[in-house]
Amino acid sequence: MGTAGSSALARLGLPAPPGPRWLGVAALGLAAVALGAVTWRRARPGRRRRLQQVGTVSELWIYPVKSCKGVSVDAAECTALGLRSGHLRDRFWLVIKEDGHMVTGRQEPRLVLVSITSEDDRLILRAPGMDQLVLPTKLHSSNKVHDCRVFGLDIQGRDCGDEAAQWFTNFLQTDAFRLVQFEKNMKGRVANEMLPFLDQNYQVAYPDCSPVLILSEASLADLNTRMEKKVKMNNFRPNIVVTGCNAFEEDTWDELLIGNVEMKKILACPRCIMTTVDPDTGVIDRKEPLETLKSYRLCDPSEKSINKSAPLFGIYYLVEKIGSLKVGDPVYQMVQ
């Protein structure tokens, strides 16, 4: 397991505040906790789980273009490939070099300055000093399909056209770039190829290694008590933010029910230099908050062959039962 884990994490580039809109529903969620756990029968025959509320959803985020700004949504569908709201799909678009290799904020930190909005069947991309870019969400079948490389694995993407390529090339000004889109009929990257030490077969498009990343507000608050310069939730790019729990309590959540979506823990998220990109300026620090996290969030020695020196912050989940979820939903842990 050690060799497989090390190579998988190497491919990932690793050395080894709540809004007012949900305060009312959060209060109702806490009241539900006081009423105690409830018992709930899952769809699968013969399995019964006790539901214990462990928190409440305070934020939902979709990151349509990998490493670009996220889009905050009030509700989302949760598919096997991650969150979706209308035409917004999580990490379904990717910037690549002309040879097909992925480009992320690790190499081009100014990508985090690109914002995305959705209007009808179009995405609108904006960036400092640039005219807006309008992208159709349905590409013509004559657009070229590229063979891409994401963390050392092959995956396809349909080219978004010369205008999009020139837009990213002009904005980043370091190389020639193209933008590609993942399509549902394409084969995703498979879990047991990304993380061979795990016995899983789910697929993802362009996320690092799972469809869903969950992080709690309390964990971020705990980190910021140790930081001279505070960091934001955006530094860590979670899909689901949870309030109403203790710091790092999410480390203990194996199976969750949110809305009617069932999720299963894959592993803790090993953090890399992407967390050191300032989401407001696009400047990469390469040190903080990574160094502070390393001072108290390293893995158990038994897992060092997998995570090496990467600190753990947030939890990756796979989707066991698709459905919908929204801000204000209780987060239930499913226990025996």
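User: Does Arg237 count as buried or exposed, and at what relative accessibility?

Analyst: Arg237 counts as buried, because its relative accessibility is 9%. Here buried means under 20% relative accessible area, exposed means over 50%, and partly exposed lies in between, with a 1.4 Å probe and protein chains only. The structure is a predicted model, in which local features need pLDDT of at least 70, side-chain atom pairs count only at pLDDT 80 or more, and totals for chains, interfaces and linings use all residues. Residues are numbered from 1 along each chain as its sequence is written, and side-chain values use heavy atoms, with hydrogens and water left out.

User: Where is Arg237 placed, and what is its phi?

Analyst: Arg237 belongs to the loop between α5 and β18. Helices (H or I, at least four residues) and strands (E, at least two) are DSSP runs, numbered from the N terminus. Although Arg237 is not a glycine, its phi is positive, at about 55°.

User: What kind of pair do Phe236 and Phe313 form, and which parts of the chain does it link?

Analyst: The pair of Phe236 and Phe313 is tilted, because the planes are at 55°, with the ring centres 4.6 Å apart. This pair links distant parts of the chain, 77 residues apart: Phe236 lies in the loop between α5 (217-224) and β18 (240-243), and Phe313 lies in strand β21 (residues 312-321). Phe236 and Phe313 are each buried. Both belong to one aromatic cluster, together with Phe248 and Tyr296.

User: Which charged side chains sit over aromatic rings?

Analyst: A charge sits over a ring if NZ of Lys or CZ of Arg is within 6 Å of the ring centre and within 35 degrees of the ring normal. The charged end of Arg226 is placed over the ring of Tyr296, at 3.6 Å from its centre. Arg110 lies over the face of Phe171, 4.2 Å from the ring centre.

User: Which residues of helix α3 are buried, and against which strands do they pack?

Analyst: In an α-helix there are 3.6 residues a turn, so residues three or four places apart point the same way. In α3 (residues 162-172), the buried residues are Ala164, Ala165, Trp167, Phe168, Thr169, Phe171 and Leu172. They pack against β7 (93-97), β10 (122-126), β11 (133-136) and β14 (177-181). Contact means heavy atoms within 4.5 Å.

User: How many residues of α5 are buried, and what do they pack against?

Analyst: Seven of the eight residues of α5 are buried, and the helix is mostly covered. These are Glu217, Ala218, Ser219, Leu220, Asp222, Leu223 and Asn224. The elements they pack against are β2 (48-62), β17, β18, α6 (290-294) and β21.

User: Where is Leu111 found, and what is it in contact with?

Analyst: Leu111 is in the loop between β8 (102-103) and β9 (115-119). With a relative accessible area of 0%, Leu111 is buried. Apart from neighbours within four places in sequence, its contacts are Ser67, Cys68, Lys69, Val95, Val103, Thr104, Gly105, Phe168 and Leu172. Leu111 and Phe171 are 60 residues apart along the chain, and their C-alpha atoms are separated by 8.9 Å.

Methods. Phe/Tyr/Trp six-rings, centres within 6.5 Å; stacked < 30°, edge-to-face > 60°.
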